[in-house]
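The following note is intended for a reader who is meeting this structure for the first time. Its points should be read beside the sequence and the coordinates.

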Amino acid sequence: PPQVPQEVTMRQARLALHAADKLTAVNAAINALPDPPKTAALIEWEYSNAVRRDSQFVALLGPALGLDAAGLDALFVSASKLVA
């Protein structure tokens, strides 16, 4: 199986989410969170240059997007294949 990258650029992550038809669901998933995690997730989504597989942001949003651990791993693998 392919190696799951620990980090991808936010551009790669957004393109991979778009390809998986999940990009538009991200804002709804963030807005559904209670505060303070909601505010932290918004900051991560809007201002981060990269996203880590082991981040709290990914742990919170994965299930809200219908992605289990294997689905998140596959998304990170797909993202890593895109030009950074």
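1. A residue is called buried when its relative accessible area is under 20%, exposed when it is over 50%, and partly exposed in between, with a 1.4 Å probe and protein chains only. Serine 55 is buried, at a relative accessible area of 18%. Serine 55 belongs to the loop between E2 and H4; helices (H or I, at least four residues) and strands (E, at least two) are DSSP runs numbered from the N terminus. From serine 55 to leucine 65 there are ten residues in sequence and 16 Å in space, C-alpha to C-alpha.

2. The model is predicted, so that local features need pLDDT of at least 70 and side-chain atom pairs count only at pLDDT 80 or more, while totals for chains, interfaces and linings use all residues. Residues are numbered from 1 along each chain as its sequence is written, and side-chain values use heavy atoms, with hydrogens and water left out.

3. Helix H4 spans residues 56–64, and its buried residues are Phe57, Val58, Leu61 and Gly62. They lie on the same side of H4 because they cover an arc of only 115° around the axis, the arc being that of the directions from the helix axis to the C-beta atoms. Gln56 and Pro63, on the other side of H4, are exposed. The buried residues of H4 pack against helix H2 (23–31), helix H3 (37–47), strand E2 (50–52) and helix H5 (69–80). Glycine 66, which follows H4, has a positive phi near 80°.

4. In H2, the buried residues are Val26, Ala29 and Ile30. They line one face of the helix, because they fall within an arc of 95° when seen down the axis of H2. The buried residues of H2 pack against H1, H3 and H4.

5. The largest nonpolar core has 21 residues, of which Val26, Ile30, Trp45, Val51, Phe57 and Leu61 touch the most other members. Such a core is a set of buried Ala, Val, Leu, Ile, Met, Phe, Trp, Tyr and Cys residues joined through side-chain atoms within 4.5 Å. H1, H2, H3, H4 and H5 are the elements that give two or more residues to this core. Neighbours within four places in sequence aside, valine 51 is in contact with Gln6, Glu7, Val8, Met10, Ala13, Phe57, Val58 and Phe76, where contact means heavy atoms within 4.5 Å.

6. How many residues line the largest cavity, and which lie nearest its centre? The lining has 17 residues, with Leu17, Phe57, Val58, Leu75 and Phe76 nearest the centre. Helix H1 (10–19), H4 and H5 are the elements that give two or more residues to this lining. A cavity is a set of points, on a 1 Å grid over the protein atoms alone, where a 1.4 Å probe fits but cannot get out, and lining residues have an atom within 4 Å of a point. The volume of the largest cavity is about 190 Å³, the volume being the space filled by probe spheres set on the points.

7. Two loops deserve a separate remark. Most residues other than glycine have a negative phi, and most peptide bonds are trans. Aspartate 21, although not a glycine, has a positive phi of about 60°; this residue is in the loop between H1 and H2 and counts as exposed at 68% relative accessibility. The peptide bond from aspartate 35 to proline 36 is cis, with omega near 10°, and proline 36 is in the loop between H2 and H3.

Terms used:
On a 1 Å grid over the protein atoms alone, a cavity is a set of points where a 1.4 Å probe fits but cannot get out, and a pocket is an open set with protein on both sides within 12 Å along at least five of seven lines; lining residues have an atom within 4 Å of a point.
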